[in-house]
Amino acid sequence: MIILAVESSCDETAVALVRDGREVLADCIASQVALHREYGGVVPEIASRKHIEAIYALADEALERAGLTRADIDAVAVTYAPGLIGAVLVGVNFAKAAAYALDVPIIPVHHLKGHIAANYLAYPELEPPFLCLVVSGGHTMIVDVKDYTDLEILGSTRDDAAGECFDKVARVLGMPYPGGAALDRAAQSGDDTKYPMPMAKLSGNPLDMSFSGLKTATLNLIHNCEQREEEIDIPSLCASFARAVSETLVPRTMSALRARGYQKLAIAGGVAANSRIRADFERETQKLGVTLYAPPLSLCGDNGAMIGSQGYYEYLAGNLAGQDLNAYATKSILGEQM
Ligand code: KG4
Ligand code: ZN
């Protein structure tokens, strides 16, 4: 089954063609990052407009790259939530029009389920159940992937997402948007013990996380140094910050993994590209003798192929939509309106 997959929830317009949920036939991405960079973040109106401009040509390009024609498309999968509402609507409307014209089903896909499914593309042998840490610009959660479409959230951030904090700290350090990757690079040559960072202790669910205190403390540290005209050791600050994020994510994920008794741990989302987090997970999973699934960097960030992969499993589960499909800015990974 060949699925045309569409993703437009933030600042990447992406169209892919995926066979049977596992084989990427084409994966085309038009990134708007350079456009938003001068504003220091995504401007929703610009994002929507650019998605409209890019999406039709991108779909043709995907077909051409895959050596396919429109008649080869069996279904259209699309990110319908969550994201910038105007941006998501562009993809949803395109998908509805394409599905209508081709007379094929529409498959609505939750963006975060798509991130998890990036692992199915990177690792053809991976099948649920497994545990997955989803860390992106907007979300941070530990998910029990019981089956392709049956998930349970075991813990999540109570405030900011990890990616949001990476971007904010990077921005204040003068790094271009989105700063996560630049901060990661800067941290390579730093001393991660130089700047002690606060680690939030929460009552209630021990798998829940909090990043806003860490973010504020880091921003205050930078501003105080600037006011006192003290020089900041930027690589060490980045390394100390990345360590604190990793030491929030990794022990909780490992403890959830032990509690569930799974032998497989996957990571997903843009922040899963972070080298400190990946290295810490590699060490910890080796210690425990379990397998780590960490997709290549190209599949961690937003892409269309991951939507095509999850779309296939949603299709098999009968989760289809009609022409009345709507887009949602917020919706839980379990499909509940928030
Ligand atoms: O999953 P994603 O592409 O989009 C969302 O669904 O949000 O994640 C984007 C986030 C941004 O915050 C970006 O700065 C962060 O992923 N990111 C990183 C790295 N690469 C991307 N954060 C830390 N280290 C990286 N190497
Ligand atoms: Zn994403």
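Tutor: A helix here is a DSSP run of H or I with at least four residues, a strand is a run of E with at least two, and both are numbered from the N terminus. The model is predicted.

Student: Where does P129 lie, in those terms?

Tutor: P129 sits in the loop between α4 and β6 (130-135).

Student: Which other peptide bond is cis?

Tutor: The bond from Y177 to P178, where omega is near -15°. P178 belongs to the loop between α5 and α6.

Student: What makes the phi of D103 worth a remark?

Tutor: Phi of D103 is positive, near 55°, and D103 is not a glycine. D103 is found in the loop between α3 (85-102) and β5 (106-110).

Student: Why does H111 count as making a polar contact with ligand 1?

Tutor: A polar side-chain atom of H111 is 3.1 Å from an oxygen atom of ligand 1. The limit for such a pair is 3.5 Å, so the pair counts. By that limit N274 also counts, with a side-chain N or O atom 3.0 Å from a nitrogen atom of the ligand. So does D302, which has a polar backbone atom 3.2 Å from a ligand oxygen. The protein covers 84% of the 550 Å² of accessible area that ligand 1 has on its own.

Student: Which residues come nearest to ligand 1, and which helices supply its shell?

Tutor: H115, G137, D167, D184 and G270 come nearest, out of 19 residues around the ligand. Helices α4 (111-122), α5 (162-172) and α6 (180-187) each give at least two residues to the shell. Domain 1 (2-116 + 299-316) and domain 2 (127-294) each contribute at least three.

Student: How does that shell divide by residue class?

Tutor: Five residues are nonpolar, eleven polar and three charged.

Student: What makes the length of α8 agree with expectation?

Tutor: Helix α8 (residues 234-260) has 27 residues, which at 1.5 Å a residue should span 39 Å. The C-alpha atoms at its ends are 39 Å apart, so the two values agree. G261 follows α8 and has a positive phi, near 75°.

How values were computed. Residues are numbered from 1 along each chain as its sequence is written. Chains are lettered from A and ligands numbered from 1 in the order in which they are written. This is a predicted model: local features need pLDDT of at least 70, side-chain atom pairs count only at pLDDT 80 or more; totals for chains, interfaces and linings use all residues. Side-chain values use heavy atoms; hydrogens and water are left out. A residue is near a molecule or strand if one of its heavy atoms lies within 4 Å of it. A polar contact is a pair of N or O atoms within 3.5 Å; within protein, one must be able to donate a hydrogen and the other to accept it, and residues adjacent in sequence count only if both atoms are side-chain atoms. Accessible areas come from the Shrake-Rupley method with a 1.4 Å probe; for residues, only the protein chains shown count as cover. Ala, Val, Leu, Ile, Met, Phe, Trp, Tyr, Cys and Pro count as nonpolar, Asp, Glu, Lys and Arg as charged, and the others, Gly among them, as polar. Domain bounds come from an automatic or database domain assignment. The expected span of a helix is 1.5 Å times one less than its number of residues.
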